[in-house]
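Trainee: I'd like to talk through the pockets of this structure with you. Could we look at it together?

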Amino acid sequence: MKFVAEALSISEPAVKRLYRRSILKQAYIPHPFFSDISDAYLLSKKFGSYEEGTFLAISSEKVYIARGFPKIKRTLVLGECVKRHFEKSEVAVEEKINGYNVRIMKIGKNIYAITRRGYICPYTTERARELINIEFFKDWPEFMLCCEAAGLESPHVPKEIYGKKLDFYLFDIRNSKTNEPMSLEEKIKIAEEYGFKLARVFGVWSGEKLIEESIKIIKELDREGREGIVLKDIEMKKKAVKYTTSYCNCSDLEYGFRYFNDLGRDFVLTRAVREGFQSFELDNSEDRVKRYERVGKAIVDGIIGSIEEVNKSGKLKERAKLRFKSKEVMELYIQHTKRLTRANFEYAGIEDGYHILYIEKYMASTSDRIKNLISGGFW
Ligand code: ATP
Ligand code: MG
């Protein structure tokens, strides 16, 4: 733990206190797959200027830090917010990909994928070692790739719109120690040079044109069933801003009502409120009528769906398919996941040279509630 004290410029007893209070946690399970790492920790809360999810590791040679990915502010009224926040800046409109956040860096000789909370994920790391061009880190050793891991084979957000297999969509390149981002231009150049897939950049605009284009893009993404946009000034000096489509808000609503007893109430309230503000800004009377139907359908389908599932099979669960090159990594992933959440695993043998594993998360609270209600219990 000594290296953490030095890295954070605090005393060793102070580090021990952070550890006892679970602000500092171990970030990995020691294993030959993580052979470059002698020790690694994460910050589960913001500490000084270090963001939540900051990762610290030591190899036989040196200390590595991957600063936590900063929070992105959300706007509910695009036009007014863009005017006030970005003023006259040149702003890039990027697609917001709906997957999970990973920071990819090289430690020692290998690539490591770190989740938003700061854990090294064995599954994501194995995928990244297969898909990410390691040459980048030879030329830019101080930098991390901030990517959205998305696709159907996702343990967190399985979405087929991003393809069946998990893939990485680069959205920021940051100095891993300072969190300083590269400009849009540098990012695009590097993505081309090393063959990284970028989260789509629709264009760069400013002022009124920026608002107009953003609204057009949001409507298009909504029709395509995509999540939304992130606005970033091209020099990356201002805070980024996110905005989501009605499609996304409604599919979240459906999900939230499906698991109404497991997810916090805030989850559905925030999505419903987003729909209200979007209607205020964008709808004519015809659009509004369509929205009544969309929002209502999401809520009803969500609840009905879960009631019918419990009625039929007795329980509610989320299931995702994962693939592993190595069986040892698969076992490591199971061990890793069991430390963090409750899940069941089902090994399904080899397919195209990969070990296939299904992960199932059981939604106990909503299942029990529904079971009780459909057999005559009181709310
Ligand atoms: P946050 O705390 O950053 O608001 P959140 O957990 O609430 O995060 P989201 O609402 O999904 O997450 O929005 C932010 C996340 O969107 C980022 O952390 C990143 O993982 C993801 N993302 C997808 N596409 C982009 C993009 N083009 N630029 C930036 N982030 C993106
Ligand atoms: Mg997200």
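Mentor: Gladly, and keep in mind that this is a predicted model. Let's begin with the second largest pocket, where α11 gives the largest share of the lining, four residues.

Trainee: What makes a residue count as lining the second largest pocket, and which lie closest to its centre?

Mentor: A lining residue has an atom within 4 Å of a pocket point. By that test 25 residues line the second largest pocket, and Asn101, Thr115, Arg116, Arg117 and Tyr119 are the closest to its centre. The elements giving two or more residues to this lining are β7 (100-107), α11 (327-340) and β16. The volume of this pocket is about 680 Å³.

Trainee: How do you know that the second largest pocket lies between domain 1 and domain 3?

Mentor: Domain 1 (2-68 + 98-198) and domain 3 (314-374) both give residues to its lining, so the pocket lies between them.

Trainee: What makes up the lining of the second largest pocket by class?

Mentor: There are nine nonpolar, eight polar and eight charged residues.

Trainee: And the largest pocket: what is its volume, and which residues lie nearest its centre?

Mentor: Its volume is about 1400 Å³. It is lined by 43 residues, with Asn98, Gly99, Val157, Glu227 and Arg271 nearest the centre. Among the elements giving two or more residues to this lining are β12 (228-233), α9 (265-282) and β14 (317-324). The most comes from α8, with seven residues.

Conventions. Residues numbered from 1 in each chain as written. Chains lettered and ligands numbered in written order. Predicted model: local features only at pLDDT ≥ 70, side-chain atom pairs only at ≥ 80, totals over all residues. Heavy atoms only, no water. 1 Å grid on protein atoms, 1.4 Å probe; cavity = no way out; pocket = protein on both sides within 12 Å on 5 of 7 lines; lining within 4 Å. Points joined across faces, edges and corners; volume = space filled by probe spheres on them. Nonpolar A, V, L, I, M, F, W, Y, C, P; charged D, E, K, R; others polar. Domains from an automatic or database assignment.
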